[in-house]
Amino acid sequence: MRTQPVPVTVVGLGQMGAALAGAFLAAGHPTTVFNRTPDKAAPLVERGAVRAATVAEAVAASELVVVCVLDYDAVHALLGPVAGALRGRVLVNLTSGSPEQARAAAEWAAGHGIGYLDGGIMTTPPGVGDSANMILYAGGPELLAAHRPALEVLGDPVDLGPDAGLASLYDAGLLGLMWSVFGGWLHATALAGADGVPAAEFTAVAVRWLRTVSWFLTTYAGQIDAGEYPGDDATIDVQVASIAHLLHAGEERGIDNRLPRLHLELMREAVEAGHGGDSYARIIESFRK
Ligand code: NAP
């Protein structure tokens, strides 16, 4: 049974903050908003939001306060002076930052009697409000459980446990994963495009391939946790031979091969260390350096 939408406050109305406030409004939450540049509140006020004149007024309006601004310096600049008004409330910080900044913010909040959840939004503003997208939370499983009905209107909440640094750590790592996938996909799309294959046609096949790749990741994660890399599917030696075909195809078509050359370098490192017969997961050791 859906509970009555509780009042919420959103501090920061850039592209992401405005999307968050919009999702709360769409779900019927009485929503108070504040932004350093007040004009940005106008479209939300038209949709029923209350514009607070000061950040203190914004914080006082709701037990649940969501902040999403450029960086942690901006969070502290805005909320540092109203720490007293935040006492006893729950602050959900969806601003991107480092794990160290998140842990320091959690300590600051604890020192002022403020409940603190650190979050990472794993989508862009148009994806906010869609339960297919994840929002990562860390630092307060019990706070997330208590405020889940409100927070799940923003996206599917994923609880990463009591360490407030983990949402930022996952966020940074997952963005790195995204950029690596983008890079591999763009290289491959340029390769296929050189022979006249439209990007959309190639990508339909590439997306299916990513599902198989995700299955490899799950298998390899078990190997990494066990510290054992049996080369019982495809060895690094075999992949060194395979990547030669990719490099050759790229050279023939005048494609920039920096990305596959980096992969070859990592594979060769493992082979030179005597691990050519292991699975690709062994290459984690190059990163651990
Ligand atoms: P944005 O559109 O540039 O908005 C930045 C916000 O921060 C504005 O509300 C701005 O206020 C405020 N701000 C900046 N410096 C400030 C300061 N010193 N004092 C007070 N307020 C300050 O950025 P965004 O896309 O909304 O991103 C906000 C956060 O969400 C970032 O940490 C970003 O990494 C994260 N995020 C964004 C996306 C995305 O796709 N956009 C995805 C995931 C996470 P003014 O309006 O007054 O300038």
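Student: How do the residues of the shell around the ligand divide into nonpolar, polar and charged?

Tutor: Good place to start, and keep in mind that this is a predicted model. The shell around the ligand holds 20 residues, with Met 16, Asn 35, Thr 37, Lys 40 and Ser 96 coming nearest. By class, the shell residues split into nine nonpolar, nine polar and two charged.

Student: Which polar side-chain atom lies 2.5 Å from an oxygen atom of the ligand?

Tutor: Let's go through the contacts one by one. A backbone N or O atom of Leu 13 is 3.3 Å from a ligand oxygen, and a polar backbone atom of Leu 70 is 2.9 Å from a ligand oxygen. The side-chain atom at 2.5 Å belongs to Thr 37.

Student: Which elements give two or more residues to the shell around the ligand?

Tutor: The ligand sits in the second largest pocket. Two or more shell residues come from each of these elements: helix 1 (15-26) and helix 4 (72-79).

How values were computed. Residues are numbered from 1 along each chain as its sequence is written. This is a predicted model: local features need pLDDT of at least 70, side-chain atom pairs count only at pLDDT 80 or more; totals for chains, interfaces and linings use all residues. Side-chain values use heavy atoms; hydrogens and water are left out. A residue is near a molecule or strand if one of its heavy atoms lies within 4 Å of it. A polar contact is a pair of N or O atoms within 3.5 Å; within protein, one must be able to donate a hydrogen and the other to accept it, and residues adjacent in sequence count only if both atoms are side-chain atoms. On a 1 Å grid over the protein atoms alone, a cavity is a set of points where a 1.4 Å probe fits but cannot get out, and a pocket is an open set with protein on both sides within 12 Å along at least five of seven lines; lining residues have an atom within 4 Å of a point. A molecule sits in a cavity or pocket if more than half of its atoms lie within 2 Å of its grid points. Helices (H or I, at least four residues) and strands (E, at least two) are DSSP runs, numbered from the N terminus. Ala, Val, Leu, Ile, Met, Phe, Trp, Tyr, Cys and Pro count as nonpolar, Asp, Glu, Lys and Arg as charged, and the others, Gly among them, as polar.
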